[in-house]
Amino acid sequence: MDATNNIWKNYQKEIADDHYYYVRSCIRQSFFPASEEFFLKVLKDELGKDIFDDPNHTTCTGIGYHADVVPFETIMTVVARHFALMKESGYKNIIISCVTSFGIYTEIIETWKHFPEVLEKTRENLYKATKREFDIPVNMAHSSDIIYKFRHEIADKLKYRLVNQITGKPLKVVEHIGCHYSKMFPKYGVGGAEFPQVLAGMINAWGGNVIDYPERRHCCGFGFRQYLVQANRGYSAANSKKKFESMEPYKPDLILCNCPGCTMFMDKWQYTISEMEAKTYGENNQGIPVLTYEELAGLVLGYNPWDLGLQFHQIQSEPLLHKMGIEFSQKDKYKTRSGIQMPMPECPANISF
Amino acid sequence: MGKLYDLLLQDIRFEEGLNACMNCGVCTAICPAAEFYKYDPREIVDTVQTKDESKIEALMRGETIWYCGQCMSCKTRCPRGNTPAMVIMALRTLSQKLGYFTDSEKGRQQFAIKRTVGENILKYGYCVPTYEVKPEMHPEQGPIWNYISENIEEVMERLGANLRKPGPGSMRQIHQSNLDELDKIFEVSGGYNMFNDIEQHSEKKANEMGLEFKKQGTDNEYFRHVYTFNSGNHSKE
């Protein structure tokens, strides 16, 4: 056991305790905006932390970088600008809301360590472009690292557990951490590339069981240019399908994702596959709900699922809500913030809505 | 050492990504693209390390370098610490600089990515803002995306976003002063050079192919062609 513990120490990651500068994700904002708002709310209101949401930061350009239309020198300078904004705001710890961005930040910092002349050139570029100067963050975390760090504090406030209220058994949860979280630089991820714990730790702390299935670490299939260009999307759908086929025999109640892109693809490709092949995963032709970790934290803490945005996923979450025993109003589902009834979305042909 | 290899060596990702490949094939075994496409990252790295000019040029003019999905699974698994996906990035960057990318069907798609994601970055400060994910270009997003697009103001307000408004929050409007800084960064760090390379070579190719090309936007034959055309010769059956 001591030997195991010693090995495990190599996979630990230091995560700052407080005072964070927050950089948002293009995809999480676009597809799961409530997740970012909830993350800020839980840190401030539930955990009493200091986190700064700076309107002056921009995209890191990461999707453009991995799709080869943005040079490395450019993305390094954009990230350096974010570090400059952090410094000017008086912060040293950064939280990154996107796995693609997180991977890029790790790649850039490691590049600067190995090639100090590249760091100096980036400083020059940033100063020339903006007259700004930057420090490298003291601590860098993905936003899921923060939820992981405080998973037990969240567990202390749980209103609902990841337990099937009818059977009394833990829910079966598939977790997908996203390739760029730790496949490139394992030391930056909780549990590294081999034993990622960032989502599994939350699931276990909140009462669920993690499913270990053959294609657990396979890519969701985003592939950057393989999705961005319509002609290539077969690649993207095929990779998600490989994962669905692999997890299906384990009858998962939920897919929990780390990366906003993965969340979107695992949700939307279930629809596409249902249209292409009349194949619907999950029980009763309802699909397998796919959630962000912010959405899951919100559910267990008792927040309204419709304020978290679950109604705007293609795969609907009612089966999961029923299993968890969550009380919710069906009438409130498609209403505006001020309570005005909105139209109802169309039901897909092969998914029970 | 040949000229193309020298140019590749100037890319720090190439220097980091390729030490000495022993051809074990672990990268190919783990690679999602190798499972889907007629693609073998081991072969690409092996070809590059021969330093054979004509073979490297053929790679940069060909289809295979565009098959990688950048998942970086190869980095985790290579026993020599190589990263084929980073070697691929260096090859793609040089292919665009030299104009070789327009020789391949998959390479020509760079024009579509530049006109969408590339321009979103400078116009909005986001790679992929909600309002630029058009349902007609993304049928795979399903009926819920049609719904969100048709009711975007109400949906974003319900979810606590700050859609296209000043101040902080999800999908806020990025202030012009911040967009101006992005613009200057692209100017001093080579971002615009890459954009210009893609545009110039794409326009030339559109003319060769007899397809309508416009200086801006996505409403032109060449964009529609590179965005949607799939010869069907790429994937494994």
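I count two residues as in contact if their C-beta atoms, placed from the backbone, lie within 7 Å.

**Ground rules.** I am working on a predicted model, where local features need pLDDT of at least 70 and side-chain atom pairs count only at pLDDT 80 or more, while totals for chains, interfaces and linings use all residues. Residues are numbered from 1 along each chain as its sequence is written, and chains are lettered from A and ligands numbered from 1 in the order in which they are written.

**Confidence.** I noted ipTM 0.98 and pTM 0.97 for the model.

**Chain A, overall.** I listed 17 helices and eight strands in chain A; helices (H or I, at least four residues) and strands (E, at least two) are DSSP runs, numbered from the N terminus. The radius of gyration of chain A is 20 Å, close to the 20 Å that the globule rule gives for 353 residues, so chain A is as compact as a globular protein of that length. That radius is taken over C-alpha atoms, and the rule is 2.2 Å times the number of residues to the power 0.38. The C-alpha trace of chain A spans about 60 × 50 × 50 Å along its principal axes. I call a residue buried if 20 or more other C-beta atoms lie within 10 Å of its own, exposed if 12 or fewer, and partly exposed in between, with C-beta atoms placed from the backbone. By that count 58% of the 353 residues in chain A are buried. Of the contacts in chain A between residues at least 6 apart in sequence, 76% join residues at least 24 apart.

**Chain A, positive phi.** I looked up A:D68, which is not a glycine and yet has a positive phi, near 70°. A:D68 sits in the loop between α4 (62–66) and α5 (72–88) of chain A, and it counts as buried because it has 28 C-beta neighbours inside 10 Å. I then looked up A:K251, also not a glycine, with a positive phi of about 50°. A:K251 lies in the loop between α13 (233–247) and β7 (254–257) of chain A; with 12 other C-beta atoms within 10 Å, A:K251 is exposed.

**Chain B, overall.** I found 15 helices and zero strands in chain B. Its C-alpha trace spans about 55 × 40 × 40 Å along the principal axes, and 49% of the 237 residues in chain B are buried. Of the contacts in chain B between residues at least 6 apart in sequence, 61% join residues at least 24 apart.

**Chain B, helix α11.** In α11 (residues 142–150) of chain B I marked B:G142, B:I144, B:W145, B:Y147 and B:I148 as the buried residues. Seen down the axis of α11(B), these fall within an arc of 155°, so they line one face of the helix. The arc is that of the directions from the helix axis to the C-beta atoms. The buried residues of α11(B) pack against α14 (260–277) of chain A and α12 (152–158) of chain B.

**Interface.** I counted 72 residues of chain B in contact with 71 residues of chain A. The chain B side divides into 36 nonpolar, 25 polar and 11 charged residues. Here Ala, Val, Leu, Ile, Met, Phe, Trp, Tyr, Cys and Pro count as nonpolar, Asp, Glu, Lys and Arg as charged, and the others, Gly among them, as polar.
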